[in-house]
Amino acid sequence: MTTATGVLRDEHRVILRALLSLEIAAGRLEAGDALPAQLWAAIVDWLRVFADRNHHGKEEDALFPAMIRSGLPMRGSPVDVMLEEHAQGRALLRSMETGADAERAAAARRYVGLLRDHIEKENGYLFPLADAVLDEPAQARLLREFARAEAETGIDGARAEAAAMGFAAALQG
């Protein structure tokens with residue numbers, strides 16, 4: 001059976017691919033090199049829609065509440081830490097939208113580091129904890145909620161992966 005955390009882990013792989021493209025793009029900005037037209041804005045927008053609104057939205061609106069209902073405390077728990085990191089990521093995304101190239105690149109590098117660490121914490125600790133506390137009916141409910149979230153954003157894992165691969169191709173071309 002596909003689990004909610006399995007879906008989120010698959011999305012992490014796609015996000016990590018996009019983060020690599022962001023890191024390369026940031027390096028080019030730092031070096032004063034031109035990026036393909038609109039690529040920076042496209043990557044930042046993708047991160048806002050897929051990584052934050054879709055992926056983090058699934059966690060915040062579905063997974064975390066389910067874990068809390070299963071007995072995990074809200075305050076002082078791993079959920080509390082993840083929520084704080086989501087907020088930090090949103091602030092860095094805003095910082096990547098405006099300003100000088102060097103400032104946007106620096107924000108991007110902080111964002112990449114934050115999300116890589118965040119993903120490692122979720123994959124290594126939070127998701128195994130979720131799998132331990134959520135029974136099969138709870139997992140099935142989460143999968144239905146995830147499908148609704150994808151319908152609302154209009155982006156699913158396959159479409160997101162195609163976009164992430166497109167960023168890498170644009171940086172090579």
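## Surroundings of H86

Leaving aside neighbours within four places in sequence, H86 is in contact (heavy atoms within 4.5 Å) with H56, E59, E60, F64, H118 and E122. H86 belongs to helix 3 (residues 78–95); helices are DSSP runs of H or I with at least four residues, numbered from the N terminus. With a relative accessible area of 1%, H86 is buried, a term that means under 20% relative accessible area with a 1.4 Å probe, protein chains only.

## Basis of the model

This is a predicted model, in which local features need pLDDT of at least 70 and side-chain atom pairs count only at pLDDT 80 or more, while totals for chains, interfaces and linings use all residues. Residues are numbered from 1 along each chain as its sequence is written, and side-chain values use heavy atoms, with hydrogens and water left out.

## Helix 1

Helix 1 covers residues 4–30, and its 27 residues should span 39 Å at 1.5 Å a residue; the expected span is 1.5 Å times one less than the number of residues. The end C-alpha atoms lie 38 Å apart, which agrees. Just after helix 1, G32 takes a positive phi of about 80°.

## The aromatic cluster

Rings of Phe, Tyr and Trp (its six-membered ring) pair if their centres lie within 6.5 Å; planes under 30 degrees apart count as stacked, over 60 as edge-to-face and the rest as tilted. The count comes to 2 aromatic pairs. W46 and F50 form a tilted pair, 5.1 Å centre to centre with 35° between the planes. Both residues lie in helix 2 (residues 39–69), 4 residues apart.

The rings of W46 and F167 have centres 6.1 Å apart and planes at 85°, so this pair is edge-to-face. The pair links distant parts of the chain, as F167 lies in helix 6 (residues 157–172), 121 residues from W46. W46, F50 and F167 form one aromatic cluster.

Terms used: Helix = DSSP H or I, 4+ residues; strand = E, 2+ residues; numbered from the N terminus. Buried < 20%, exposed > 50% of the residue type's maximum accessible area, 1.4 Å probe, protein only.
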